[in-house]
Amino acid sequence: MTDQPGQTDSAADRPTGPGAGASGAPRDVFRDLAALVCAVQALSLLGFVAFYLWELTQGASKDAVLVVMSALLILAFALGIGALARGWWKGANWPNTPTIVWNLLLLPAAWSLFQAGRGVVALVLALVAALGIVSAARADTADRDDATEGGGFGGASKG
(Lines give C-alpha, C1' and ligand atoms only; values in the text may rest on other atoms or scores of the structure.)
Protein backbone atom coordinates (compact mmCIF):
# COMPACT_ATOMS: atom_id res chain seq x y z
CA MET A 1 0.00 0.00 0.00
CA THR A 2 1.05 3.56 -0.55
CA ASP A 3 0.21 6.75 1.28
CA GLN A 4 -1.02 8.39 -1.94
CA PRO A 5 -4.62 7.77 -3.04
CA GLY A 6 -4.96 6.16 -6.45
CA GLN A 7 -1.47 4.67 -6.46
CA THR A 8 -0.56 1.04 -6.17
CA ASP A 9 2.52 -0.63 -4.83
CA SER A 10 2.79 -3.05 -7.74
CA ALA A 11 6.30 -3.60 -9.09
CA ALA A 12 4.85 -3.62 -12.60
CA ASP A 13 3.70 -0.01 -12.14
CA ARG A 14 7.14 1.27 -11.20
CA PRO A 15 9.59 2.31 -13.95
CA THR A 16 12.88 0.48 -14.11
CA GLY A 17 16.28 1.24 -15.54
CA PRO A 18 18.32 4.43 -15.62
CA GLY A 19 16.32 7.58 -16.03
CA ALA A 20 13.20 6.26 -14.35
CA GLY A 21 11.88 9.15 -12.32
CA ALA A 22 11.76 9.05 -8.57
CA SER A 23 8.23 10.41 -8.82
CA GLY A 24 7.10 7.08 -10.27
CA ALA A 25 6.38 8.52 -13.72
CA PRO A 26 6.88 6.03 -16.55
CA ARG A 27 9.72 6.56 -19.00
CA ASP A 28 8.92 8.60 -22.08
CA VAL A 29 9.00 6.36 -25.17
CA PHE A 30 10.25 9.24 -27.34
CA ARG A 31 13.22 9.79 -25.00
CA ASP A 32 14.11 6.12 -25.29
CA LEU A 33 13.68 6.24 -29.06
CA ALA A 34 15.93 9.31 -29.31
CA ALA A 35 18.52 7.53 -27.18
CA LEU A 36 18.31 4.47 -29.40
CA VAL A 37 18.66 6.49 -32.62
CA CYS A 38 21.68 8.36 -31.23
CA ALA A 39 23.26 5.12 -30.00
CA VAL A 40 22.82 3.45 -33.40
CA GLN A 41 24.32 6.48 -35.12
CA ALA A 42 27.28 6.56 -32.74
CA LEU A 43 27.94 2.85 -33.19
CA SER A 44 27.70 3.23 -36.97
CA LEU A 45 30.29 5.98 -36.87
CA LEU A 46 32.55 3.84 -34.70
CA GLY A 47 32.24 1.15 -37.37
CA PHE A 48 33.45 3.65 -39.96
CA VAL A 49 36.41 4.54 -37.73
CA ALA A 50 37.33 0.86 -37.48
CA PHE A 51 36.96 0.47 -41.25
CA TYR A 52 39.20 3.48 -41.93
CA LEU A 53 41.88 2.14 -39.61
CA TRP A 54 41.60 -1.35 -41.09
CA GLU A 55 41.99 0.11 -44.59
CA LEU A 56 45.06 1.99 -43.34
CA THR A 57 46.66 -1.22 -42.08
CA GLN A 58 45.95 -2.88 -45.44
CA GLY A 59 47.76 -0.11 -47.29
CA ALA A 60 44.63 0.88 -49.22
CA SER A 61 45.36 4.60 -48.90
CA LYS A 62 48.21 6.63 -50.32
CA ASP A 63 47.80 9.34 -47.68
CA ALA A 64 47.98 7.90 -44.17
CA VAL A 65 47.67 11.33 -42.52
CA LEU A 66 44.37 11.99 -44.32
CA VAL A 67 43.00 8.61 -43.21
CA VAL A 68 44.05 9.12 -39.59
CA MET A 69 42.65 12.66 -39.45
CA SER A 70 39.39 11.51 -41.04
CA ALA A 71 39.14 8.67 -38.52
CA LEU A 72 39.76 11.10 -35.65
CA LEU A 73 37.10 13.49 -36.92
CA ILE A 74 34.58 10.67 -37.26
CA LEU A 75 35.55 9.46 -33.79
CA ALA A 76 34.89 12.94 -32.36
CA PHE A 77 31.39 12.91 -33.85
CA ALA A 78 30.79 9.36 -32.62
CA LEU A 79 31.74 10.36 -29.08
CA GLY A 80 29.52 13.44 -29.24
CA ILE A 81 26.53 11.50 -30.49
CA GLY A 82 27.25 8.82 -27.92
CA ALA A 83 27.08 11.55 -25.27
CA LEU A 84 23.68 12.56 -26.68
CA ALA A 85 22.47 8.96 -26.37
CA ARG A 86 23.72 8.76 -22.79
CA GLY A 87 22.09 12.09 -21.96
CA TRP A 88 18.75 10.92 -23.33
CA TRP A 89 18.99 7.64 -21.43
CA LYS A 90 19.89 9.36 -18.15
CA GLY A 91 16.88 11.70 -18.44
CA ALA A 92 18.71 14.94 -19.22
CA ASN A 93 16.98 17.68 -21.20
CA TRP A 94 20.05 19.15 -22.95
CA PRO A 95 20.32 16.54 -25.78
CA ASN A 96 17.11 17.80 -27.41
CA THR A 97 18.44 20.60 -29.62
CA PRO A 98 21.77 18.95 -30.58
CA THR A 99 19.90 15.79 -31.59
CA ILE A 100 17.52 17.73 -33.82
CA VAL A 101 20.33 19.80 -35.38
CA TRP A 102 22.51 16.74 -36.02
CA ASN A 103 19.69 14.85 -37.69
CA LEU A 104 18.67 17.89 -39.76
CA LEU A 105 22.26 17.98 -41.05
CA LEU A 106 21.93 14.36 -42.11
CA LEU A 107 19.07 15.17 -44.51
CA PRO A 108 21.28 16.98 -47.10
CA ALA A 109 23.74 14.09 -46.81
CA ALA A 110 20.92 11.69 -47.63
CA TRP A 111 19.93 13.83 -50.61
CA SER A 112 23.54 13.82 -51.86
CA LEU A 113 23.64 10.04 -51.57
CA PHE A 114 20.41 9.82 -53.54
CA GLN A 115 21.80 12.04 -56.29
CA ALA A 116 24.94 9.88 -56.38
CA GLY A 117 22.85 6.80 -57.17
CA ARG A 118 22.89 5.31 -53.66
CA GLY A 119 19.11 5.28 -53.23
CA VAL A 120 18.84 2.55 -50.61
CA VAL A 121 21.54 4.06 -48.39
CA ALA A 122 19.99 7.50 -48.86
CA LEU A 123 16.55 6.20 -47.87
CA VAL A 124 17.88 4.49 -44.74
CA LEU A 125 19.81 7.60 -43.72
CA ALA A 126 16.81 9.87 -44.34
CA LEU A 127 14.47 7.59 -42.36
CA VAL A 128 16.87 7.36 -39.41
CA ALA A 129 17.36 11.14 -39.46
CA ALA A 130 13.60 11.74 -39.61
CA LEU A 131 13.08 9.30 -36.74
CA GLY A 132 15.72 11.14 -34.72
CA ILE A 133 14.12 14.52 -35.42
CA VAL A 134 10.60 13.37 -34.56
CA SER A 135 11.64 11.48 -31.43
CA ALA A 136 13.70 14.41 -30.11
CA ALA A 137 10.96 16.92 -30.91
CA ARG A 138 8.26 14.81 -29.26
CA ALA A 139 10.34 13.80 -26.23
CA ASP A 140 9.13 15.14 -22.91
CA THR A 141 11.78 17.63 -21.83
CA ALA A 142 9.71 19.45 -19.22
CA ASP A 143 11.77 20.30 -16.16
CA ARG A 144 10.37 18.47 -13.14
CA ASP A 145 12.85 19.34 -10.40
CA ASP A 146 11.45 19.76 -6.89
CA ALA A 147 12.78 23.32 -6.82
CA THR A 148 10.78 24.31 -9.89
CA GLU A 149 7.60 22.55 -8.80
CA GLY A 150 7.29 24.91 -5.86
CA GLY A 151 7.05 27.86 -8.20
CA GLY A 152 9.98 29.66 -6.60
CA PHE A 153 13.48 29.47 -5.29
CA GLY A 154 14.87 27.28 -2.57
CA GLY A 155 12.74 24.23 -3.20
CA ALA A 156 9.54 25.56 -1.67
CA SER A 157 6.80 22.98 -2.00
CA LYS A 158 3.16 23.41 -2.79
CA GLY A 159 0.51 23.09 -0.19
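A pocket, as I use the word, is an open set of grid points where a 1.4 Å probe fits, with protein on both sides within 12 Å along at least five of seven lines. With that in hand, the second largest pocket of this predicted model has a volume of about 420 Å³. Its lining counts 16 residues, and those closest to the centre are Ser 44, Leu 45, Phe 48, Leu 106 and Leu 125.

Where does the lining come from? Four helices, α1 (29-57), α2 (64-90), α3 (96-115) and α4 (119-138), each supply at least two residues. The most come from α1, which gives 5. As for the classes, 14 of the lining residues are nonpolar and 2 are polar, with no charged residues.

Next, the annotation. The UniProt entry, which is unreviewed, lists residues 33-54, 66-89 and 109-134 under "transmembrane region". In the model, residues 66-89 are 100% helix and 0% strand, and their end C-alpha atoms are 34 Å apart. Residues 109-134 are 88% helix and 0% strand, with the end C-alpha atoms 18 Å apart.

Last, charge pairing. Side chains of opposite charge can pair when their charged atoms come close. How many salt bridges does the model have? The count is 1. The partners are Arg 27 and Asp 32, whose side chains meet at 2.4 Å, N to O.

Definitions and conventions: Residues are numbered from 1 along each chain as its sequence is written. This is a predicted model: local features need pLDDT of at least 70, side-chain atom pairs count only at pLDDT 80 or more; totals for chains, interfaces and linings use all residues. Side-chain values use heavy atoms; hydrogens and water are left out. UniProt positions are given in the numbering used here, feature names are shortened, and annotations may be inferred rather than shown by experiment. On a 1 Å grid over the protein atoms alone, a cavity is a set of points where a 1.4 Å probe fits but cannot get out, and a pocket is an open set with protein on both sides within 12 Å along at least five of seven lines; lining residues have an atom within 4 Å of a point. Grid points are joined across faces, edges and corners, and a volume is the space filled by probe spheres set on the points. Ala, Val, Leu, Ile, Met, Phe, Trp, Tyr, Cys and Pro count as nonpolar, Asp, Glu, Lys and Arg as charged, and the others, Gly among them, as polar. A salt bridge is a side-chain nitrogen of Lys or Arg within 4 Å of a carboxyl oxygen of Asp or Glu.
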